[in-house]
Amino acid sequence: MSEAKKNNDLKDLPSLNAFIDKLANHELTPSEKIVKLAKERDCTYDMIERKKQELEKALESNDKDDIEFLDKSIDALKEQKNVLTKRIKTLLDET
């Protein structure tokens with residue numbers, strides 16, 4: 001590739017600020033929303049698994065306060081995961 005061609009290609013690139021502005025104002029497509037929600041759902045699943053491990057330890061030590069707290073936390077996270085699942089399914093139907 002000639003040097004002149006390389007320079008012309010570089011001139012056509014938007015400035016960093018213009019690129020950031022374009023990204024900031026970009027409305028997510030249904031597919032992009034699915035990816036974002038799937039990642040959030042995966043993180044929620046991981047949090048549930050960590051809380052379950054903590055619950056097992058609390059059950060072994062018979063710590064009633066921790067057991068109650070962890071039970072409620074796990075239930076809330078499961079509900080969040082279910083809501084994310086429903087939203088992902090809705091978006092999949094739209095695409």
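Modeller: Before we start, helices are DSSP runs of H or I with at least four residues, numbered from the N terminus. This is a predicted model, where local features need pLDDT of at least 70, side-chain atom pairs count only at pLDDT 80 or more, and totals for chains, interfaces and linings use all residues. Residues are numbered from 1 along each chain as its sequence is written, and side-chain values use heavy atoms, with hydrogens and water left out.

Biologist: Thanks! How many residues does helix 3 have, and what does it reach from first C-alpha to last?

Modeller: Helix 3 covers residues 30-61, so 32 residues, and it reaches 46 Å, close to the 46 Å expected; the expected span is 1.5 Å times one less than the number of residues.

Biologist: And which of its residues are buried?

Modeller: In helix 3 they are Ile34, Leu37, Thr44, Ile48, Leu55 and Ala58. Buried means under 20% relative accessible area, exposed over 50%, and partly exposed in between, with a 1.4 Å probe and protein chains only.

Biologist: What do those pack against?

Modeller: They pack against helix 4, residues 64-94. Contact here means heavy atoms within 4.5 Å.

Biologist: Where is asparagine 62?

Modeller: Asparagine 62 sits in the loop between helix 3 and helix 4. Its phi is positive, about 55°, although it is not a glycine.

Biologist: New topic: isoleucine 20. Where is that one?

Modeller: Isoleucine 20 is in helix 2, residues 16-24.

Biologist: Why does it count as partly exposed?

Modeller: Because its relative accessibility is 45%.

Technical notes. Helix = DSSP H or I, 4+ residues; strand = E, 2+ residues; numbered from the N terminus.
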